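Please walk me through this model in the viewer, one selection at a time. Tell me what to select next and what is there.

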Amino acid sequence: MLAAFATLLISQLAGEALVRAGTLPLPGPVVGMALLFALMLVRAPLPKELEATSDGLLKHLSLLFVPAGVGVVQQLDRLGHDGVRLFAVVLVTTLISLAVTALVFAGVAKLLGADDLAPDGESRP
Amino acid sequence: MIDIVDLWVYLSGSPLLWLTATLIAYVIADWLSAKSGRHPAVNPVLIAVALVSLVLLVSGTTFQAYFAGAQFVHFLLGPATVALAVPLIRHLPQVRRALVPMLIALIVGSIVAIVSAIVLAQAAGLDRAAILALAPKSATAAIAMGIAEKTGGDPALTAVLTILTGISGAIIVTPLMNALRLKNYAARGFAAGLTSHGIGTARAFQVNPLAGTFAGIAIGLNGLLTALLVPVILRWLLP
């Protein structure tokens, strides 16, 4: 578990270094994900330990957004002023973006005959 | 007898208290979510954020004091993002097959997410500061804040609107996709990650591993594209 966690941190560190060096418009962790992906392509199969550690982190991905979300307490004045309008705009744009993206993806996949991706395991309705 | 006030003064100054509070709030939120059968409306991020915010407001604690403890949880977002490479490798054959639909959906979806936010905000009569904070809201929080900084928006307001977009998408996505009768879980997941970044991805993983994988890919791709597109679209729609 420790070696796997170190692998994740090393990838992130390398990503941060690349971002600083090349002024990429991306955060270090996203570049780190691409680096680890490239590394694992070369070095197949996936180490069991890395799989277990990654799955453990991703299982509670929701938890990791809580501190940033609590930042809302700093914006209460602003939200008291035009919170309803902001909330309504976010809700509608989210709805439109979700629907358009999924419909385009599924539509093009169907057109190309690439829509037979079986979901693995059971899906919640 | 221990003086409660002294104890509070001591504990509220240490990172342990707010780290523990964050974990407890999440355990309660996750328990409620599991108890509901992972019903989309019972969103663990929303519940945990509400619980912690309430405690901060009641106890008169500043966000800075809270974050001194909670930063240890916040830090794990980095390694967790890197870890998204693992499901990506695991589902490589499916990702290869869906490359073309994915890239077309990425370009269309990214533009629609930005333009719809700006146009709707203008229609609602929101001020320039709000529009600048809304434009990058579908990118993951770190990228969205960076974009807002560059375009002259308020990064703190952007962070809150980004998280709100995440939570909204995580709640809406399942009922919306079912209403659209979309059975393609790659498409559903990709839309969740593109629109609602990590929080949408967390929801997608709750529903189906393939959906979660495509959501994870969408975070990186749309983060990059949003960073490139927002300045261009703002110059066009908000001269």
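Start with chain B. Among its contacts with a separation of 6 or more, 62% are between residues 24 or more positions apart. This is a predicted model, and chain B averages a pLDDT of 92, with 99% of the residues scoring at least 70. For the complex, the predictor gives an ipTM of 0.91 and a pTM of 0.89.

Show chain B as a cartoon. It has 13 helices and zero strands. The C-alpha trace spans about 70 × 45 × 30 Å along the principal axes of chain B. The radius of gyration of chain B is 19 Å, which agrees with the value near 18 Å that a compact globule of 239 residues would have. Of those 239 residues, 56% count as buried.

Now colour chain B by confidence. Which helices have the lowest and the highest mean pLDDT among the elements of chain B? The lowest, 76, belongs to helix H1 (residues 4-12) of chain B, and the highest, 97, to helix H8 (residues 99-123) of chain B. Where pLDDT is low, the predicted coordinates should not be read in detail.

**Chain A**

Next, select chain A. Here there are five helices and zero strands. Chain A has a radius of gyration of 20 Å, well over the 14 Å that the globule rule gives for 125 residues, so it is more spread out than a compact globule. Its C-alpha atoms fill a box of roughly 55 × 45 × 35 Å along the principal axes. In chain A, 40% of the 125 residues count as buried. Of the contacts in chain A with a separation of 6 or more, residues 24 or more positions apart account for 33%.

Select Leu76(A), which lies in helix H5 of chain A. Is Leu76(A) buried or partly exposed? Leu76(A) is partly exposed, because 13 other C-beta atoms lie within 10 Å, and a residue needs 20 or more to count as buried. Leu76(A) and Ala109(A) are 44 Å apart in space and 33 residues apart in sequence.

**Where the chains meet**

Show both chains together. How many residues does each chain bring to the contact? Chain A brings 71 residues and chain B brings 99 residues. On the side of chain A that touches chain B, at least two residues come from each of helix H1 (2-22), helix H2 (28-42), helix H3 (48-59), helix H4 (66-70) and helix H5 (76-111) of chain A. H5(A) gives the most to this side, with 25 residues. Sorted by class, the side of chain A that touches chain B has 49 nonpolar, 15 polar and seven charged residues.

Zoom in on Val66(A). Leaving aside neighbours within four places in sequence, Val66(A) is in contact with Thr22(B), Ala25(B), Tyr26(B), Val45(B), Ala48(B), Val49(B), Val52(B) and Val73(B). Val66(A) is also one of the residues with the most contacts inside the largest nonpolar core, along with Phe105(A), Ala85(B), Leu134(B) and Phe190(B). That core has 117 residues.

**Helix H3 of chain B**

Select residues 44-59 of chain B, which form helix H3. This helix has 16 residues and reaches 23 Å from its first C-alpha to its last, close to the 22 Å expected at 1.5 Å a residue. Which residues of H3(B) are buried? They are Pro44(B), Val45(B), Leu46(B), Ile47(B), Ala48(B), Val49(B), Val52(B) and Ser53(B). To see what covers these buried residues, show H4 of chain A together with helix H2 (15-35), helix H11 (155-179) and helix H12 (185-207) of chain B, which are included in the cover.

Most residues other than glycine have a negative phi, and most peptide bonds are trans. With that in mind, pick Arg38(B), which has a positive phi of about 55 degrees although it is not a glycine. Arg38(B) sits in the loop between H2 and H3 of chain B and is partly exposed, with 16 other C-beta atoms within 10 Å.

Finish at His197(B), in helix H12 of chain B. Phi of His197(B) is also positive, near 35 degrees, in a residue other than glycine. His197(B) is buried, because 32 other C-beta atoms lie within 10 Å.

Conventions
Residues are numbered from 1 along each chain as its sequence is written. Chains are lettered from A and ligands numbered from 1 in the order in which they are written. This is a predicted model: local features need pLDDT of at least 70, side-chain atom pairs count only at pLDDT 80 or more; totals for chains, interfaces and linings use all residues. pLDDT is the predictor's confidence in each residue, from 0 to 100. Helices (H or I, at least four residues) and strands (E, at least two) are DSSP runs, numbered from the N terminus. The radius of gyration is taken over C-alpha atoms; the globule rule is 2.2 Å times the number of residues to the power 0.38. A residue is buried if 20 or more other C-beta atoms lie within 10 Å of its own, exposed if 12 or fewer, and partly exposed in between; C-beta atoms are placed from the backbone. Two residues are in contact if their C-beta atoms, placed from the backbone, lie within 7 Å. A nonpolar core is a set of buried Ala, Val, Leu, Ile, Met, Phe, Trp, Tyr and Cys residues joined through C-beta atoms within 7 Å. Ala, Val, Leu, Ile, Met, Phe, Trp, Tyr, Cys and Pro count as nonpolar, Asp, Glu, Lys and Arg as charged, and the others, Gly among them, as polar. The expected span of a helix is 1.5 Å times one less than its number of residues.
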